[in-house]
Protein chains: 2
Amino acid sequence: MTEPTTARRSGGRAGRQALRASHAVERAAYLTRSMKPYEIVSDEGLALIEEAAEIILADIGVEIRDYDEALPLFAAAGADVVGTRVRFPRGLCRSIVTATAPAIYTQHARNPINSVQIGGNHTVFAPNYGSPFVHDLDHGRRYATIADFQNFVKLAHMSPWLHHSGGTVCEPVDVPVSKRHLDMVYSHIKYGDKPFMGSVTAGSRAQDSVDMARIAFGGDLQDRTVMTSLINASSPLVWDGTMLAAAQCYAENNQACIITPFILAGAMAPSTSAGVCAQTLAEALVGMTFTQLVRPGAPVILGSFASSMSMQTGAPTFGTPEPALVLYTMAALARRLGVPFRSGGSLTASKLPDAQAAYESAATLLPTVNGGVNFVLHAAGWLEGGLAIGYEKFVLDNDQLGMMATFVKGLDLSENALAMSAFRENEPGQHFLGTNHTLMNFETAFYRSDTADNASYEQWIEEGGLDAAQRANKLWKSRLAEYELPPLDDAIDAELLDFVARRKAELPDEFA
Amino acid sequence: MTEPTTARRSGGRAGRQALRASHAVERAAYLTRSMKPYEIVSDEGLALIEEAAEIILADIGVEIRDYDEALPLFAAAGADVVGTRVRFPRGLCRSIVTATAPAIYTQHARNPINSVQIGGNHTVFAPNYGSPFVHDLDHGRRYATIADFQNFVKLAHMSPWLHHSGGTVCEPVDVPVSKRHLDMVYSHIKYGDKPFMGSVTAGSRAQDSVDMARIAFGGDLQDRTVMTSLINASSPLVWDGTMLAAAQCYAENNQACIITPFILAGAMAPSTSAGVCAQTLAEALVGMTFTQLVRPGAPVILGSFASSMSMQTGAPTFGTPEPALVLYTMAALARRLGVPFRSGGSLTASKLPDAQAAYESAATLLPTVNGGVNFVLHAAGWLEGGLAIGYEKFVLDNDQLGMMATFVKGLDLSENALAMSAFRENEPGQHFLGTNHTLMNFETAFYRSDTADNASYEQWIEEGGLDAAQRANKLWKSRLAEYELPPLDDAIDAELLDFVARRKAELPDEFA
């Protein structure tokens, strides 16, 4: 019944080919979500969790370990300090945080077009963090090196969908622990021009990060936030001196901290999701309060990292329903508190970039985006519960991040999108491929995956019958081969290298 | 700083082991979502799409092909019929559907504990539908047989997470087209006891399905809906005689139809998501109207199947952002119309149960659940754009469905879940594994995946270093080996076999 192809319609194929050639990926420095976050808990339910957090803070309190400097600060603010135990009268932390912590802040990038907004209806994707191992299909799993670190900085730099260079994208274990922060910060500055994170493994390393950022950004940082760094609690209900010293350094310098209770539910917190949320909120409130006492107005993010547990082995598990429930709930609690929120990512316990890895990553990433997370660490590359970063996994996750960039734009309801002109020019039963409306819209109509194979079975077999990981293996290699160094002022580069050399000479070699 | 393990705590491991031994999977006949669906389009936006659908129905109308019987019915209801073109005054279809189509209905199963509620805040998962090929790791891709069909009926029967036996779970191409509906309906009744779907490939085959259901359920079906069957439009804007004849048969017999425009955006509809939604709503309104004109009050589901398109090949693509936007929007439109909604599933274009398959399936399934879909066809097994059903994919998807069953229960905010007793019995810095609260909750605290490997890298290597698909390969084989035939009255079985034999003798052998 289909009408014979008309002259107008025969222009379709040529038209599409012309459009295709001109295709360039549209990129934003960060996502701006057009739809409201998905709320799965009522306001009354959220208030119950807030009340539980206040009870924890008032009745049980937190331990401040190996950082007596913080105790007078808390006491002066009205906390009850007995030895290293600090209890907070109900509402005290919340009132301190809401009084001065910004709801949104700008993290400046070395290249201004890459500066990001953190908070509000924005989402920033940052790579994997903290893995001592790397994985790729050619060599399997092995210890990470500074060369791997730089490779991932390059891949993030080239990605249209990652907004941030991250921090310890992997642990360069071939460099002494005492010195590797210098090489990592330098690599973020040298091999990319997106925002990055500073070191948190000692107060002095945070100070080195700040000093290097001062060189890179040309002077004082008091009016500019150029680093967002990861400060983890020692759950349950402990803050230790290493993290507090780093947080103090960053806050004093107007740099942002992500205050994150890192919780394996059942071990570092109760096994119930509501209990995990109450504890996360309590611990995070203490860390955020600390930053505001150090410097009122210092940018700070409420972080939540919560995994469930395998009953068989006690191992952390990812992509399961309970962490998704925690994520949605904590995101709502952060909104009520009025601070940016960090959680989620592309998490998995799988050792390979296989179906398990993808199901679990998607089951983390979609709640991350729907829940309205503002800063997403581990958005690409994570494998094996964070013990490894995978090259193929990085490329596959990156494609999913691209899809999120399209999704959050929401449904276009313009006259063009409603397409009445297409219906009016097309008879029932006739395909739309050749209509003017399709020709005008086809180029931008659909997200183009760079890792999916949508060919016919026969064509796929002819092209080698590769699975997604095998295709991704080719992609990361071709991308690294095409990498180009972003411009960096020679004088700044020399000053950075000089700083790194001087500090390395001062510091002892330590590997643990 | 951690306290030495106390006597009370040392009971933890033994306690967990005892609980573990008693573990049984909790199963519901269908899901009941505790949270509201995720709404991504405003009421004003949804009204714009409804208006566009009404314009399509009034100005362009639909073609009714090879089914002149339907034309007087539409004309008598107030439609403008010119030849085979039927135009509907604005609001006519909507008023007919809203007047009599039920918002929710019960589909009865042969085993009453498996009867499902379709509509409202309920979700029913049904397997893959319509694939001519099967795939497994041992034999790759090959044509499906009735033995495969029965295997998938058995696997769905055994699954705690699939609520429905489905319909054409695969095409048994070793049985003549003219007769295979008899073997398929018989297999659903014989090898499982969950609800199932009838044949739609001819009016006479729908009648055979009704006759067999009468035997299975013991008598007249006028007061009981025991089949929900899939009626697809011939998009754009065409309804054909085959589907309408089947729909008429089912509606006359008070059996449910899923009225589904099946759309590859850009080909069978405009390439814009809002246009796809407007057309889907228009086409579905016509099909639903037809069922209500045949029999007011006959159960009917608004269906939407929309995929995006590869610009490189014109092939359908899945798990991309545009179909997710369409899904969320159509779900909201169905709620406004007051009818149950079908969409989504575990869709993918991948030829293998690899990372692509899992990302795309999850990126379809999560919107399916968050969007509040009531009936989910293709919830397990789908590969290769529907051309194949995979044994391993079936097992892997099934696990994800289990996770959804936990997720939709939402956040427990009971006193036990808020866990204040756990915080009161536990010192800061001390793990919660041995607390009474954890012991009381650990057994049911976390969803237990049956396909994920959460072991350490070393243990995983020791156990063979298998990927998810390889583990799933073992699982479907062990499940089929453990399968037990559900009870079926001997007299009913004999009558069904007699019916099948008689109809096979009457029908010619046709293979296309």
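Modeller: Before the interface can be described, one term is needed: buried area is the accessible area, found with a 1.4 Å probe, that two parts lose on being put together, summed over both. Please keep in mind throughout that this is a predicted model. In that sense of the term, chain A and chain B bury about 10000 Å² between them, and 69% of this area lies on carbon and sulfur atoms. Within the area that chain A buries against chain B, Met311(A), Tyr359(A) and Phe446(A) supply 9%, which is more than any other three residues supply.

The interface can also be described by counting residues, and here 117 residues of chain A are in contact with 117 residues of chain B. On the side of chain A that touches chain B, the residues divide into 62 nonpolar, 32 polar and 23 charged.

The rule finds 8 salt bridges between chain A and chain B, and a salt bridge is formed by Arg424(A) with Asp59(B), where the closest N and O atoms are 3.2 Å apart.

How are the two chains placed relative to each other? Chain A can be laid on chain B with an RMSD of 0.0 Å by a turn of 180° and a shift of 0.0 Å along the axis. The two copies are therefore related as by a two-fold rotation axis. The same surface serves both copies, since 100% of the contact residues of chain A recur in chain B. Of the residues of chain A, Ala355(A) comes closest to the rotation axis, with its C-alpha at 2.1 Å.

In chain A, an open sheet of 3 strands has the order E13-E15-E16, with mixed pairing, and its edge strands, each of which pairs on one side only, are E13 (262-264) and E16 (316-317). Strand E15 (residues 305-309) of chain A is joined to E16(A) by 2 bridges, and these two strands run antiparallel; across from Ser308(A) stands Thr317(A) in E16(A).

Most residues other than glycine have a negative phi, and most peptide bonds are trans. The peptide bond from Ser235(A) to Pro236(A), however, is cis, with omega near 5°, and Pro236(A) lies in the loop between strand E10 (228-232) and strand E11 (238-240) of chain A. A cis peptide bond likewise joins Ser235(B) and Pro236(B), with omega about 5°. Asn254(A), a residue other than glycine, has a positive phi near 65°, and its place is in the loop between helix H8 (241-252) and strand E12 (256-260) of chain A.

Technical notes
Residues numbered from 1 in each chain as written. Chains lettered and ligands numbered in written order. Predicted model: local features only at pLDDT ≥ 70, side-chain atom pairs only at ≥ 80, totals over all residues. Heavy atoms only, no water. Contact = heavy atoms within 4.5 Å. Salt bridge = Lys/Arg side-chain N within 4 Å of Asp/Glu carboxyl O. Nonpolar A, V, L, I, M, F, W, Y, C, P; charged D, E, K, R; others polar. Pairing = 2+ DSSP bridges. Helix = DSSP H or I, 4+ residues; strand = E, 2+ residues; numbered from the N terminus. Least-squares fit on C-alpha atoms with pLDDT ≥ 70 in both.
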